[in-house]
Amino acid sequence: MRCRISAIERLLLWCLATLPAIGLVWASELPQAATLAAGGANPPRAVRVFRVYGWHSLEARAGLIWLGVDEPYVIRLGANCGAAGDEVPSVLVLRDNHLVPGRDRLVFPAGECVIDSLLRADRNKLRASEITPDGNVVVRLIHDAGPRRKK
């Protein structure tokens, strides 16, 4: 007995075979930072910061930062960041009271890293994966006025 594959089944098999080639992957193969971001959330241009409540390293150049008791964000660092994936920042350098991606930076033992992007994290996904802020991490805030203008 010969097994015949219908045209729809052939199309489905072809699609599954070409997904990795065009850059699409299964959710289980995505970096952890991408899976924890809230779906459909637009990246904020700025987030008001009074205190850093916690940090959790996810992967190289990505982590979770809590800017409120229940206000987690997925943070990505610039490509030129030399910090290892498990390093913890010691300082968040802001120009004013707002964290602005592309302008503000985190200081790690290996050096400073510009914050490339900031996305609100999905709290339900964090609870399901049992990710919580590390209570032993202290990230200080430093306000840097930036370069002064000449008159």
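This is a predicted model: local features need pLDDT of at least 70, side-chain atom pairs count only at pLDDT 80 or more; totals for chains, interfaces and linings use all residues.
In the model, local features require pLDDT of at least 70 and side-chain atom pairs count only at pLDDT 80 or more, whereas totals for chains, interfaces and linings use all residues. Residues are numbered from 1 along each chain as its sequence is written, and side-chain values use heavy atoms, with hydrogens and water left out.

Side chains of opposite charge can pair when their charged atoms come close. A salt bridge is defined here as a side-chain nitrogen of Lys or Arg within 4 Å of a carboxyl oxygen of Asp or Glu. By this rule, seven salt bridges are counted.

One of the salt bridges joins E59 and R76, with the closest N and O atoms 3.6 Å apart. E59 belongs to strand β2 (residues 54-59) and R76 to strand β4 (residues 72-77), so the pair ties together parts 17 residues apart in sequence. Helices (H or I, at least four residues) and strands (E, at least two) are DSSP runs, numbered from the N terminus.

A further salt bridge links R127 to D70, the closest N and O atoms again being 3.6 Å apart. Because R127 lies in helix α3 (residues 123-128) and D70 in the loop between β3 (62-66) and β4, this pair ties together parts that are 57 residues apart in sequence. Salt bridges with shared partners join D70, R123 and R127 into one network.

As to accessibility (buried, under 20% relative accessible area; exposed, over 50%; partly exposed, in between; 1.4 Å probe, protein chains only), R127 is exposed at 52%, while D70 is partly exposed at 39%. R76 is partly exposed at 27%.
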